[in-house]
There are 2 protein chains.
Amino acid sequence: MSDIKTSWSLIAHGGAKDISTADEQSNREGLFEAIEIGTRILSKGGTALTAVEEVVKSLENNPAYNAGYGSVRNRDGYVEMDASIMDGRTLDIGAVACIKEVDNPVSVARALLKEREIFLVGDGATKFAFEMGFINSPKIKVKTIKNIGCDTVGCVARDVYGDLAVATSTGGLEGTRAGRVGDVPLPGCGFYADNKRGAVSVSGDGESIARVMLVAEFLHLAKNMSSDEASAKVLKLLDRVKGEAGIISIDPKGKISWAHNSSHFAVGIAKQDSNTLVFLKKGDEK
Amino acid sequence: MSDIKTSWSLIAHGGAKDISTADEQSNREGLFEAIEIGTRILSKGGTALTAVEEVVKSLENNPAYNAGYGSVRNRDGYVEMDASIMDGRTLDIGAVACIKEVDNPVSVARALLKEREIFLVGDGATKFAFEMGFINSPKIKVKTIKNIGCDTVGCVARDVYGDLAVATSTGGLEGTRAGRVGDVPLPGCGFYADNKRGAVSVSGDGESIARVMLVAEFLHLAKNMSSDEASAKVLKLLDRVKGEAGIISIDPKGKISWAHNSSHFAVGIAKQDSNTLVFLKKGDEK
């Protein structure tokens, strides 16, 4: 373990989606609870990698979000989930897509960090999860809300050693073809983390995000402008393919940034020496 | 159909891999045959999209290459294939991963261009293929050569209308876990095409390519330098994660470029008003 070098920071999101008045409280509470878990880890000297995994696990376990327990069903009536995790120290990636019957896809993705393969899909991903001892729980397949919108959960963190990490997870898009994968497990589209460049997670219209490589474009913009400016500017790339998205990031110096062109984008933010804050859209913090 | 605006150009590769003396002839002949198919299409005013699909189909149908008919088997003893195609006019993408029992994964990827989903994996991808009438052929599952190395086939083209397209296909990596996906179906990692920026296909160590987003990085480098310089420079990013790769590209003006840090990288090249050329490594053309 490295020595303590800096202060930690943390941001998580619960999806770029419409949040009805009825759903505001559950979205706020879920993010607050998840961020508190990350705060406990980071404030005790835990790694960014562990923090992002545990924050995303908390969101996966919460039915308010379309990931893990709260995942929507595809056209064939069953749940397929995608998740990813990336270590900004090493550029190690673990990602799964269309995995079934596990509680926490993000933890399966983390288990892949130690393997030769970085991305497993379909039955192969589920088989790997069972081999690694992830228990099949009957909790999955409970949510049948229609038209939930395109949402994903994600978290980026910087720990006291100055290391960055990102994790994302989604239950996909209600009613799509079986086997559909969006941006969540795609490096440079839905996520990326590099200690030298920053850690980023996006959410929204997965197909549109992938077609413009939203995260790779953000990282390039951020070379020549602030991450706030880059976040706002990169969302304009979606005009070419149409689509909504939200983006969260932490730069190598620990600066948090977020933006969205969706009606809502629920985020929770915590930093060393400040309290946890939760917002349901940009502007709420003013 | 647009009016004729410019001259066409075409480059295809058969993988960044070691080519033994015994395999030189089959690799040369296969690329020559595939490029001739693309040449016939482009010289008659066919689109770049059709050219890249048909060139890749020809390579998939040739057992000399690890894609389609020549695919290697995974740890569980069966063939899972990945392919992608992208239309540089619209940024439309079609991609499949871990598809089974179809002759031409690239054509399934092309069929996805018309759908809401851009990326289907596993059983869902195979199911989509059957629904779209792609016939299950007993040809697949014939190749059992060990240690074939990490290879992929790919093609980029610019048609007489000035439009760009890319297609890639692979049988994956011998002996990996079922469900393993490399860079081939990942936008910004294994492929990308944008009329405004260029069309690119890479091949090599898929995990390493994905971890550094090789194609997205190439497109950014190419903003500020020639595509020859960008090709050479982008391969150096692999030093950080270790790995071999080859890259082919056509820029918006039709200029072809290619580079590799593997021992061999078989490419076939054709341009309007010049003959088809095939090389097994950089330097052979001098």
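Copies of a chain are superposed here by least squares on the C-alpha atoms of residues with pLDDT of at least 70 in both. The structure is a predicted model, in which local features need pLDDT of at least 70 and side-chain atom pairs count only at pLDDT 80 or more, while totals for chains, interfaces and linings use all residues. Residues are numbered from 1 along each chain as its sequence is written, chains are lettered from A and ligands numbered from 1 in the order in which they are written, and side-chain values use heavy atoms, with hydrogens and water left out.

Two copies of a chain are related by a rotation about an axis and a shift along it. In this model, chain A is superposed on chain B by a rotation of 180° with 0.0 Å of shift along the axis, at an RMSD of 0.0 Å. That is the relation of a two-fold axis. Within chain A, Gly122(A) has the C-alpha nearest the axis, at 2.5 Å from it. The same surface serves both copies, since 98% of the contact residues of chain A recur in chain B; contact means heavy atoms within 4.5 Å.

Chain A itself comprises seven helices and 12 strands, where helices (H or I, at least four residues) and strands (E, at least two) are DSSP runs numbered from the N terminus. Its C-alpha atoms fill a box of roughly 45 × 40 × 35 Å along the principal axes. The radius of gyration, taken over C-alpha atoms, is compared with a globule rule of 2.2 Å times the number of residues to the power 0.38. For 286 residues a compact globule would have a value near 19 Å, and the 17 Å of chain A agrees with this.

The interface draws 49 residues from chain A and 48 residues from chain B. The area buried between the two chains is about 4,000 Å², with carbon and sulfur atoms giving 54%; buried area is the accessible area (1.4 Å probe) that two parts lose on being put together, summed over both. In chain A, the residues that lose the most area to chain B are Arg177(A), Arg211(A) and Arg240(A), together 19% of what that side buries.

Charged pairing also spans the interface. There are 14 salt bridges between chain A and chain B, each a side-chain nitrogen of Lys or Arg within 4 Å of a carboxyl oxygen of Asp or Glu. One of them joins Arg177(A) to Glu115(B), with the closest N and O atoms 2.6 Å apart. Among the elements of chain A that give two or more residues to the side touching chain B are strand S3 (92–99), helix H4 (122–131) and helix H6 (214–221). H4(A) supplies the largest share of that side, five residues.

Inside chain A, a salt bridge links Glu54(A) and Lys57(A), the closest N and O atoms being 3.6 Å apart. Both residues lie in helix H2 (residues 48–60) of chain A, three residues apart, about one turn of the helix.

Arg197(A) lies in the loop between S7 and strand S8 (198–204) of chain A. Not counting residues up to four places away in sequence, Arg197(A) touches Leu219(A), His220(A), Lys223(A) and Pro252(A), together with Met213(B) and Glu217(B).
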